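User: I'm new to this one and would like to find my way around it. Could you show it to me and then take some questions?

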Amino acid sequence: MQVSEQQAVAVTSRWIREVVVGAESIFYAVTRARDEEGIYRDMLAALDRFQQSDEREMATGFFIIPNGMARFEEFNAFMTLADQAVVNAGLAGVIQMVAFHPGILFAETDEEDPANYTNRSPYPMLHLIREDDLEAAVAGYPDPDAIPERNIRLLRRMGLTRVRELLARCYTASAT
């Protein structure tokens, strides 16, 4: 079943609000492509639109791939192309991309470790971050290097069942 753009954005925005950070002013781009070439082409267009948007109106962005790159290995290989695209576009140091995927599995963890959910998302996606905004946010945080470890501890305390419920709820709410 093909996921529509509207459903992909609804599920993703709920995931961002309830699971990730509660951010506002978010740029969303959804690709309908299923193959790497089409996804890459759509990613370049989304990256261009995001970097040209007013940062006060679009503080952060997500490029969502709801119908492709289902296998994490394929998506992980695609990230090399995506990172190179940022460099080729002259946006290194301006925009950073962070990978999120439903099947991400961190080194030294197993499938059942809730820590994997720090970067698990409803669909494969790239989080587009303006580096200036990231630097400003980090400057106001007392110990930014501790954030990933703090998030991992929180998810492990919540437990696998609870984090899976949070993610599953993002899908069901969008269907209504």
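**Finding your way around**

User: Let's start with A85. Leaving aside its neighbours within four places in sequence, which residues is A85 in contact with?
Analyst: Keep in mind that this is a predicted model. A85 sits in helix α3, which covers residues 72-88. Its C-alpha atom is 9.1 Å from that of M43, a residue 42 places away along the chain. Once neighbours within four places in sequence are set aside, the contacts of A85 are Y40, M43 and L44.

User: Is A85 buried or exposed?
Analyst: The cut-off for buried is under 20% relative accessible area. A85 comes in at 2%, so it counts as buried.

User: At roughly what angle do α2 and α3 cross?
Analyst: Helix α2 spans residues 36-52, and its axis comes within 11 Å of the axis of α3. The crossing is right-handed. As for the angle, the two axes cross at roughly 30 degrees.

User: How many charged residues are there in the contact of α2 with α3?
Analyst: On the α2 side, the contact is made by E36, I39, Y40, M43, L44 and L47, while α3 brings F78, L81, A82, A85 and V86. Sorted by class, that contact has ten nonpolar residues and no polar ones. The number of charged residues is one.

User: What about F100: which strand is it found in, and what is its relative accessible area?
Analyst: F100 touches W15, F75, T118, N119, R120, S121, Y123, P124, M125 and H127, not counting residues up to four places away in sequence. The C-alpha atom of T12, 88 residues apart from F100 along the chain, is 11 Å from that of F100. The strand is β3. F100 is buried, and its relative accessible area is 8%.

User: M69 and E108 both have a positive phi although neither is a glycine. Which one is buried and which is exposed?
Analyst: M69 has a phi of about 55 degrees and lies in the loop between β2 (60-64) and α3. E108 has a phi of about 65 degrees and is placed in the loop between β3 and β4. Buried means under 20% and exposed means over 50%. With 2% for M69 and 86% for E108, the buried one is therefore M69 and the exposed one is E108.

User: How far apart are the end C-alpha atoms of helix α5, and what span should its twelve residues have?
Analyst: Helix α5 runs over residues 147-158. G159 follows α5, with a positive phi near 90 degrees. At 1.5 Å a residue, the twelve residues should span 16 Å, which agrees with the end-to-end C-alpha distance of 17 Å.

Definitions and conventions: Residues are numbered from 1 along each chain as its sequence is written. This is a predicted model: local features need pLDDT of at least 70, side-chain atom pairs count only at pLDDT 80 or more; totals for chains, interfaces and linings use all residues. Side-chain values use heavy atoms; hydrogens and water are left out. Helices (H or I, at least four residues) and strands (E, at least two) are DSSP runs, numbered from the N terminus. Buried means under 20% relative accessible area, exposed over 50%, partly exposed in between (1.4 Å probe, protein chains only). Contact means heavy atoms within 4.5 Å. Axes are lines fitted to C-alpha atoms, for helices over the stretch in contact, and angles run from 0 to 180 degrees between N-to-C directions. A crossing is left-handed if the near helix is turned anticlockwise from the far one by less than a right angle, and right-handed if clockwise. Ala, Val, Leu, Ile, Met, Phe, Trp, Tyr, Cys and Pro count as nonpolar, Asp, Glu, Lys and Arg as charged, and the others, Gly among them, as polar. The expected span of a helix is 1.5 Å times one less than its number of residues.
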